[in-house]
Amino acid sequence: MSVKGSTALVRLAGNPTCEILGAMVMQEGSEKRFYEQVVGERYDREFGERQSSKRRGAQFESNAYAGDARLLRETLSPLIGLDPDDVRVRNLTDDHPGSKDDARIARLNITRAILTDSIRGGTAPHIIVQPQLLIPTSPGPRPYFFIAPDLLVWSVELGCYLPGDLKSFIVRENEVPRGDLARVRLQLGAQVLALRHEYHRLDPAMLVAPKGLLIFSRPNGLRPHAPRIEDLGGAVEAIRIGIAAFLRHRERINMLRAGAAPYTVATDLEPNFQDACLASCVMAQWCRERVAGRAADMGDVAGEVLGDIAMDRVIGLLTGAVAPADEHERIVAERLRTLADQHEVGRAA
């Protein structure tokens, strides 16, 4: 897995104070490669999307795009306001396949030309498959993020394109658990920001609503459900926070590394270990070792309640063996004694 594009921004949005994550985003190559460069040994555990999930996702997309995207035309025709046979589709991977930068740039140029035609009243496709957008940051290492929605879909109601993603999650009645939606909504949030940038290049007054489409798979046959239109105001703001975090981390890392690769200053950076890191980041155990013996090692709740404090001092505050050094420790001591009384900690059976 590579921490690039919308993946990087989603991760930064979820943990904006982690400088280790900032260095991974700046570093070329995969997360496993970053781990190997920092730790000095191979990452020997399973990580990333399972092969079975990748195969299911690829098959779902293949089904959706087959026959000039027949299934997509049928699914999206109510939104577009046309009969499926009248919906125009342009698949940009037919012109420029692959994920290398030259293919991305070529698809970006085509996407921009289509957006220009749509604003000027030209004949533009109603569905753009595999378009390419970008979000600029500022001059320096990684001055932009390539953002690649699965689709851009014309909305008659809004008078512009909406970003959309195909997700091979198998759902019933088009209802998705809240936890499964969080990450994909952030991905759409990054796509909305990128689409705004591209539209505003052409017309700064263009309004692009914080909305996007999610198309999930039906239980049988990997056929698409009707699109879910998501309101993404919160997700867009979270991605803005992620971008701001990247720029902060980049400035500090550039100051420390003096032209060397970002991984070389990893030990000088501040991690922000969270419970979620264990399932999402190859550096989780390495970062956890950096907070060993402190409250954060006990999980997010302990870290939030106790702050950055050593566990031996926590025990001392609980037992009264040490006196609080400041107002924060006084509050912590009171909370700990209250919890101990509530749960009868230390009392005889």
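Which polar atom lies 3.4 Å from the backbone nitrogen of Ala 321? A polar atom of the side chain of Thr 319 does, and that spot opens the set of views below.

These views come from a predicted model, where local features need pLDDT of at least 70, side-chain atom pairs count only at pLDDT 80 or more, and totals for chains, interfaces and linings use all residues. Residues are numbered from 1 along each chain as its sequence is written, and side-chain values use heavy atoms, with hydrogens and water left out.

**View A. Thr 319 in helix H12.** Thr 319 lies in H12, residues 311–319; helices (H or I, at least four residues) and strands (E, at least two) are DSSP runs, numbered from the N terminus. Its side chain also has a polar atom 3.3 Å from the backbone oxygen of Gly 316. Thr 319 is exposed, at a relative accessible area of 56%, while Met 311, Val 314, Gly 316 and Leu 317 of H12 are buried. Here buried means under 20% relative accessible area, exposed over 50%, and partly exposed in between (1.4 Å probe, protein chains only).

**View B. Helix H1 meets helix H8.** The axes of H1 (residues 5–14) and H8 (residues 233–257) come within 7 Å and cross at roughly 90°. Axes are lines fitted to C-alpha atoms, for helices over the stretch in contact, and angles run from 0 to 180 degrees between N-to-C directions. That makes H1 and H8 roughly perpendicular, a label for angles of 65 to 115 degrees. On the H1 side, the contact (heavy atoms within 4.5 Å) uses Leu 9, Val 10, Leu 12 and Ala 13. H8 brings Ala 238, Ile 239, Gly 242, Ile 243, Phe 246 and His 249.

**View C. Asp 165 in strand E6.** Asp 165 sits in E6, residues 160–170, and is buried at 5% relative accessibility. Its side chain makes a polar contact of 3.0 Å with the side chain of Gln 191. A polar contact is a pair of N or O atoms within 3.5 Å; within protein, one must be able to donate a hydrogen and the other to accept it, and residues adjacent in sequence count only if both atoms are side-chain atoms.

**View D. Cysteines without a bridge.** The whole structure has zero disulfides, meaning pairs of cysteine sulfur atoms within 2.5 Å. For Cys 287, the closest cysteine sulfur is in Cys 18, 5.2 Å away and too far for a bond. Cys 287 is buried, at 5% relative accessible area.

Technical notes: Angles under 35 degrees count as roughly parallel, over 145 as roughly antiparallel, 65 to 115 as roughly perpendicular and the rest as oblique.
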